[in-house]
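Colleague: Before we discuss the labels attached to this model, could you show me the sequence and the structure?

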Amino acid sequence: MEKQQVLINGERLKQMIEEFADYGRTENNGVTRLALSDVDIQVRNHFKNLCENLGLTVKWDDMGNMYARLDGIDNGKPPVVIGSHLDSVKKGGRFDGVLGVLTGLEVVQTMMENDIKPQIPIIVANFTNEEGARFEPSMMASGVISGKFDKGKMLASTDEHGITFGEALKNSGFVGGKENRLDEATGLIELHIEQGPVLEKEKFEIGVVECVVGMCCYEIEVTGDSNHAGTTPMNMREDALFATNSLINEIREKMSKLDSELVYTIGRVNVSPNIHTVIPNKVVFSIESRHKEVSVIKEVEEIIQGLSHSVPNEVCKVKTTKLWDRDTVWFNDQLVESIEKSCKSLNYSYKRMPSGAGHDAQFIATYLPAAMVFVPSVNGKSHAEDELTYWEDCEKGVNVVLQTVLDLIGF
């Protein structure tokens with residue numbers, strides 16, 4: 001006889017999400033829960049209590065990452081890890097991060113209710129300071145345990161009041177041992193809201209995430225010469241802002257021809273002296289580009305680096321400076337295929353897709369098998385109080401993770 005498919009309790013999941021949203025809930029039904037703030041410490045303790053009430057053993061490492069462990073039949077084998085983060089940005093949403101943590105709790109409870117004893121351990125994880133909203137950079141703690149960030153520098157990172165991350169971590173009561181770090185896993189699965197409009201617009205229920213895209217960021221400095229705005233003829237000006245406008249049009253024209261999945265943003269523009277009666281003598285602006293293929297990012301960089309020859313030197317000078325870049329992180333093929341298999345078994349429509357935003361799973365994927373599942377974001381909104389993912393979509397996402405976990409433990 002074929003085994004009956006096990007499904008999660010959607011109403012319980014909804015109640016947990018709303019319950020966790022009470023820790024830092026804003027007037028407009030969003031959440032402000034900055035890393036290691038009083039309200040973050042409260043929600044961490046609430047998470048710890050829930051896990052222990054289920055019989056899980058909760059530990060945390062030297063960066064405050066929390067790991068709630070359900071033992072398996074064979075505890076000598078690497079665990080399956082389900083997790084994300086509980087911290088938020090200022091006036092963020094109820095779903096970003098917390099959905100991925102509560103996915104783990106719901107999966108564990110569903111297995112217990114159905115008398116499913118896992119062959120290998122299961123860990124529900126909460127990674128510290130994913131957002132970087134209080135202490136920069138984002139994904140700080142997963143970055144440290146994956147070797148991407150220097151721990152000493154991260155501990156010295158300060159918030160707007162001059163409090164260091166190290167001080168806040170010590171005061172939180174969640175300083176654990178380095179030996180508790182996540183150092184092995186059969187696989188890590190992070191369920192997350194998409195934070196973009198693609199799934200909703202294309203009417204897919206699930207996003208099977210293949211990678212977190214690579215990116216590069218440049219600063220462009222355009223230097224001209226200030227003069228009187230009323231007395232200088234147009235053909236005698238060295239106007240840095242007009243030159244910048246020409247460069248931006250060139251960027252859009254050339255980059256639009258590269259690939260439909262390429263995204264690029266001019267997010268910061270500083271104009272000097274920024275006075276309405278003075279011709280601008282300097283403009284500094286940023287250009288950030290993201291794509292999964294190295295070859296496309298290389299073409300982007302060639303376009304940006306060529307901008308210095310686009311404006312005649314007698315008009316303005318153009319300097320390009322690379323600020324930073326990031327390689328595409330591809331998720332584990334076997335895990336991605338298992339997630340896809342779960343979507344098919346549940347008859348959910350799905351799309352293989354990249355993630356344009358960064359997540360803890362991308363750092364974990366550099367040293368352990370990892371993968372991600374997306375669920376739709378209404379109007380693509382996130383990092384805002386009106387962030388919304390419909391309850392039925394949350395439920396479907398957790399069901400996909402559950403089926404994937406059952407696949408990994410051989411059920």
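Modeller: This is a predicted model, and a place to begin is R44, which lies over the face of F174 at 5.0 Å from the ring centre.

Colleague: What makes K396 a charge that sits over the ring of Y348?

Modeller: The charged end of K396 is 5.9 Å from the centre of the Y348 ring, and the cut-off for such a contact is within 6 Å of the ring centre, together with a limit of within 35 degrees of the ring normal.

Colleague: How many aromatic pairs does a search of the whole structure find, and why is the pair of F149 and F363 called edge-to-face?

Modeller: The search finds four aromatic pairs. One of them joins F149 and F363, whose centres are 5.4 Å apart and whose planes make an angle of 85 degrees; because centres within 6.5 Å make a pair and planes over 60 degrees apart count as edge-to-face, the name applies. F149 lies in the loop between α4 and α5 and F363 in helix α11, so the pair ties together parts that are 214 residues apart in sequence.

Colleague: Why is F149 called partly exposed, and why is F363 called buried?

Modeller: Buried means under 20% relative accessible area, and partly exposed lies between that and 50%; F149 has 23%, so the label is partly exposed, whereas F363 has 11% and is therefore buried.

Colleague: How do you know that M234 counts as exposed?

Modeller: Its relative accessibility is 54%, and exposed means over 50%, so M234 counts as exposed.

Key: Residues numbered from 1 in each chain as written. Predicted model: local features only at pLDDT ≥ 70, side-chain atom pairs only at ≥ 80, totals over all residues. Heavy atoms only, no water. Buried < 20%, exposed > 50% of the residue type's maximum accessible area, 1.4 Å probe, protein only. Phe/Tyr/Trp six-rings, centres within 6.5 Å; stacked < 30°, edge-to-face > 60°. Helix = DSSP H or I, 4+ residues; strand = E, 2+ residues; numbered from the N terminus.
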